[in-house]
Amino acid sequence: MLAGIALTLVSLWYGQNHGLLPVAASNEALLVDGLFNTMMTISIGLFLLVEGVLIIAIFRFRRAKDDTTDGPDIDGNIPLEIVWTGIPAVIVLVIGVYSFDVYSQMGGFDPNAAGDPAVTQVAMTGEGEYGAPLMNGSNPHGGHHHMALGIGASPEKAGQMADLTVDVMGLQYAWIFTYPETGIISGELHVPQGKDVRLKLKAQDVIHAFWLPEFRLKQDAIPGRDSELRFTPTRAGDYPVICAELCGAYHGSMVTRMYVDTPEEFEAWKQQQIASRPDINEVIASLDRPRTDVDYLTPYADDMGLEPEMLRSLHESHTGAEVLTQSL
Amino acid sequence: MTQVDIPASVPAQSSPHAEAERKWTDFFTFNSDHKVIGIQYLVTSFVFYLIGGALATAIRTELATPPSDFVSPDFYNGMLTLHGTIMIFLWVVPAGAGLANYLIPLMIGAKDMAFPKINALAFWMIVAGGALLLSSFWLETPQSGWTSYPPLSLVSGKVGEGIWIFSLLILGTSSILGALNFVVTIIKMRVPSMGIYQMPLFCWSMLAAGLLILTGTPVLAGALILLAFDLLAGTAFFNPTGGGDPVVYQHMFWFYSHPAVYIMILPLFGAISEILPVHSRKPIFGYRAIAYSSMIISFLGLIVWAHHMFTSGTPAWLRMFFMIATMIIAVPTGIKVFGWLATIWGGKIQLNSAMLFALGFIATFVIGGITGVMIASVPFDIHVHDTYFIVAHIHYVLFGGSVFGIYAALYHWFPKMTGRMMNETWGRIHFGLTFVGMNLTFMPMHELGLLGMNRRVAMYDPRFADLNVLCTIGSYILAVSTVPFIVNALWSWFKGKLAGDNPWNALTLEWQTTSPPAIENFEGVPVLTTGPYDYGKTNEALESPSTDTPVLSS
Ligand code: HEM
Ligand SMILES: [Cu+2]
Ligand SMILES: [Cu+2]
């Protein structure tokens, strides 16, 4: 009894004070953390119970050296078995409903997420166009329709336009951010604090996954499909952006930063970007991308529908910029 | 109790039917005796374990420091892919098949498996598939992870990927042939006196695992064949460049590979259910609940695969369905864990190496089970999917679960297989090193994943350096921990103390014959005189293990 109370108290305390998660930079992240804390509380209780029983059993029920008799003939206890079937069932039900609710508040059920969710065929249409996923919207005749992919608008914002939409393109081994309203193209993501931000995710070559640990958000960017993440950053600062899906040898280096700016800072950044208006080639060249040479791209040429001339021109410019420019 | 009720019989060696002698060369041939095959599986898979383990040590060495400085990043991905593939398809799965081969016929009183030739074929396919996979070291390593998602797998080297696909096709076929044998043998070949509820729980869990293999593996084969077409013939089933859908591959892959995790744990669930009662001298608690829970796990295991795809192209309602279905699996899993705890509670525990590993199994597996429920929760999994948190989860279940279970089983059945005891002191040292090393390696990975370290990376953010050093130290302890085991096993095999037929005074049938069993297993058809777990059913004292334990009569 006393042990039970102690166990409950320890679990409750640790569930709130584990300090295992990084800062939460959005309200949605706080929801996920609340869910995690609850699961931690239950988990610690269960963990202590099982390990406690094991340790006590080892000490209390050791066979004496000269004892050759068997233990008691107890081979079951139906009420007890019902209890340890029923309680876990209730626990997972509670966690299930709680998770469902959090997912819904995050915007998981927004039917408009990912815009036109048709599967876009990656076109290889005639000369001059290269086999990258269609960057400018989706194919209206494309395949069958899917539901939302990713996290859309939270229920309060359902049906509303986001304050800012950014197109995100994943390619080996970088993220390219395009701001359609201003034409800004950048290797780093800037978003205004407190605004409803929508990221439209695409992948150029293989599957990547866009992960914002401090926002507890992740979504695969899949070639030929659109997906999206929508959230409201509440805490200014800069945060890592990480590719979480194995995408090749330099997968580990596919990282950049997301800056959550105050509205004034964001405005200033925008103006400065528009004024300098870096060319896409410069953006890509400025990215820290290892080994973007011909040797490296050659095995991919086939699959990407690249012409040999393309590769040669790549050699000159030293980067995969052309591929991208063409498809933009 | 038991043994006393059983009329003594002559030792098998002196019986006229047992003139056939086991030669050591049998172990290197196409032999159809299930006991030979079982040991072939176990030894072969252990060799692959050492190779997979060497790769793991190299991986951890690379990760000891943040930059990519030990091997090239391409080769790192090659090592990563081979490590995962070897550990799953050449270590845990075949080790489970090895135990099943050795034990099922003995436990149910049969002379052999239902299809002995197919059984031998299945084993030799492991050797072939394994050799093919290892050839990639010299030709080109596969580099797209053990999951091999297209389009990456289609662009990271045709030779390596081709080797990987064909090797897996061979290993998968072997697994299907093996499972066919297990299922038919268990259903059809029990001694007449053994009803389905007198069957040892290991057989129940192998029945469940066998059914999963038979259902899931053909789908994996389908996915692999289509992938091979995309890779080699330029079709576009999964290749988005030609209008294919890479997400379909993920569905097909996980339709097999989630059940695969149960294929890898169910045999050891079964082994633990055998080992605990023997060394606690108490009946298994809730036989039927444990037996049914295996079957329920096996069924539920078939309808949860997309929990590996929560952040992929999986729409919201599917995410929710697979979340709930996955969480429900925790219930039958919990039934087992609580049943095991109740089995040892109040028993007379002998803390030998087999028991230490069995208790270690419960202690560590439960952590993997708990994190399993956490990552089944979609909002939380969105954060930790494809991070070191998942790496921690899979190793708590596969190392803390399957590998501890295999070790427990090896210590427990070694006397039966070889006729000799293993050394207890070295067994305990082995356990201590393994337990400490395992927790040191994998516990910090939970925190790494939560903080933001993604998996399958050769280079990482320097702020994760300290925890990674801990993991690497732990992995070196694990590497060292296998040494006492290998020395102990080899030495004991030839020089260990003679075991006698039934050194643990166990009640299941395999202990009622000689150690090692004669080629035809039993003298005639054994008759059950006791249930598999009837410890303490009478008040008679146990026979002391040193006296000649009588075997079952015909
Ligand atoms: C209570 C039972 C369990 C639950 C609820 C559970 C749940 C899950 C979930 C949801 C994932 C996907 C996480 C992600 O990738 O984001 C996962 C991954 C995994 N689980 Fe479990 N699991 C359980 C037990 C097991 C067992 C018994 C094994 C094997 C012995 C296992 C092996 C794995 C492996 C290998 C992966 C990772 C696969 C990969 O991505 O490479 N799990 N588990
Ligand atoms: Cu990537
Ligand atoms: Cu799974």
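The model is predicted, so local features are given only at pLDDT of at least 70 and side-chain atom pairs only at pLDDT 80 or more, whereas totals for chains, interfaces and linings use all residues. Residues are numbered from 1 along each chain as its sequence is written, chains are lettered from A and ligands numbered from 1 in the order in which they are written, and side-chain values use heavy atoms, with hydrogens and water left out.

**The interface between chains A and B**

- In total, 90 residues of chain A are in contact with 94 residues of chain B, where contact means heavy atoms within 4.5 Å.
- The two chains bury about 7,900 Å² between them, 67% of it on carbon and sulfur atoms; buried area is the accessible area (1.4 Å probe) that two parts lose on being put together, summed over both.
- A:D70, A:W84 and A:L246 supply 9% of the area that chain A buries against chain B, more than any other three residues.
- There are 3 salt bridges between chain A and chain B, a salt bridge being a side-chain nitrogen of Lys or Arg within 4 Å of a carboxyl oxygen of Asp or Glu.
- A salt bridge joins A:R225 to B:D245, with the closest N and O atoms 2.7 Å apart.
- Several elements of chain A give two or more residues to the side that touches chain B, among them helix 2 (27–60) and helix 3 (78–106).
- Helices (H or I, at least four residues) and strands (E, at least two) are DSSP runs, numbered from the N terminus.
- Helix 2 of chain A provides the largest share of that side, 17 residues.

**The copper site in chain A**

- Donors are N, O and S atoms within 2.8 Å of the metal (3.2 Å for Na, K and Ca); water is not among the atoms, so sites may look incomplete.

**The iron and copper sites in chain B**

- The iron atom of ligand 1 has a single donor from the protein, B:H393 (NE2), 2.2 Å away.
- B:H393 belongs to helix 12 (residues 388–418) of chain B.
- B:H258 in helix 7 (residues 246–280) and B:H307 in the loop between helix 8 (287–300) and helix 9 (316–344) of chain B are 49 residues apart, a pair that links distant parts of the chain.
- A distance of 4.6 Å separates the copper ion (ligand 3) from the iron atom of ligand 1.

**Backbone details**

- Most residues other than glycine have a negative phi, and most peptide bonds are trans.
- A cis peptide bond joins A:Q172 and A:Y173, with omega about -5°.
- A:Y173 lies in the loop between strand 2 (164–171) and strand 3 (174–179) of chain A.
- Another cis peptide bond joins B:S515 and B:P516, with omega about -10°.
- B:N505, a residue other than glycine, has a positive phi near 55°.
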